[in-house]
Amino acid sequence: MPASSSKEPTLADLLEALDQLAGTEFHEVDLRVGGARLRVARGPAATVAAASPPEVAASAAPAGDQPADADESGLEIVTAPMVGTFYRRPRPDAEPFVSVGDRVRKGQVLCIIEAMKLMNNIEADCSGEIVEVVPEDSSAVQFGDRLFVIQPA
């Protein structure tokens, strides 16, 4: 990314930068886009990735006792726990893990999010029926993005 560019980097720019760093000897990277932050620290035994959502005003918080991962109609919302690339399939030539109308059980793999060349299984938090698959396959997702909507059983 040119230093003279005045536009803010996109998620794709950050993921590309991290991908280029994957083969290097870096120990820590701290990237910020707007209010979002991605920090990656490499230790002797493991890589730690943490993403924080943009700062949100207090008035945007959910009201009452409603959990943050359920909407007002009682639907369960599965959100991205990290920044990465969303994959609906275990392999490009395979069927999707789940589709709209499929019945799922708690703990069942719904998709994969690739972050820093690591494949992370995202599992259902409850049993029920898939009502919506939000992102397109192979698209970039950010921390907190909606992935699936489930009607609990």
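**Cysteines**

I looked up cysteine 111 and found that it counts as buried, at 0% relative accessibility. I then turned to cysteine 126, which is buried as well, with a relative accessible area of 14%. I note that the model is a predicted one, and that my search of the whole structure for disulfides returned zero.

**Salt bridges**

How many salt bridges does the structure hold? I counted three, and I took them one by one.

Aspartate 137 forms a salt bridge with arginine 89, and the closest N and O atoms are 3.5 Å apart. Because aspartate 137 sits in the loop between E9 and strand E10 (139-141) and arginine 89 in the loop between strand E5 (84-87) and E6, I read this pair as tying together parts that are 48 residues apart in sequence. Aspartate 137 is partly exposed at 31% relative accessibility, and arginine 89 is partly exposed at 29%.

Aspartate 93 meets arginine 91 in another salt bridge, at 3.3 Å from N to O. Here I found aspartate 93 exposed, at 66% relative accessibility, whereas arginine 91 is partly exposed at 47%.

Glutamate 129 forms a salt bridge with arginine 103, with 3.9 Å between the closest N and O atoms. Since glutamate 129 lies in strand E9 and arginine 103 in strand E6, the pair ties together parts 26 residues apart in sequence. Glutamate 129 is partly exposed at 33%, while arginine 103, at 55%, counts as exposed.

**Sheet**

I followed this last pair into the strands, where arginine 103 stands opposite glutamate 129 in E9. E6 and E9 run antiparallel and are joined by two bridges. They belong to an open sheet of four strands, which has the order E4-E11-E9-E6 and antiparallel pairing; its edge strands, E4 (76-79) and E6 (103-104), each pair on one side only.

**Core**

The largest nonpolar core has 17 residues, and those touching the most other members are Phe86, Val104, Leu110, Ile130, Leu147, Phe148 and Ile150. Strands E7 (109-115), E9 (128-133) and E11 (146-152) are the elements that give two or more residues to this core. I also listed the contacts of leucine 147 beyond four places in sequence, and they include Phe86, Cys111, Ile113 and Val141.

**Overall figures**

I recorded one helix and 11 strands for the protein. Among contacts between residues at least 6 apart in sequence, 51% join residues at least 24 apart.

Note on methods: Residues are numbered from 1 along each chain as its sequence is written. This is a predicted model: local features need pLDDT of at least 70, side-chain atom pairs count only at pLDDT 80 or more; totals for chains, interfaces and linings use all residues. Side-chain values use heavy atoms; hydrogens and water are left out. A nonpolar core is a set of buried Ala, Val, Leu, Ile, Met, Phe, Trp, Tyr and Cys residues joined through side-chain atoms within 4.5 Å. Buried means under 20% relative accessible area, exposed over 50%, partly exposed in between (1.4 Å probe, protein chains only). Contact means heavy atoms within 4.5 Å. Two strands pair if DSSP finds at least two bridges between them. A disulfide is a pair of cysteine sulfur atoms within 2.5 Å. A salt bridge is a side-chain nitrogen of Lys or Arg within 4 Å of a carboxyl oxygen of Asp or Glu.
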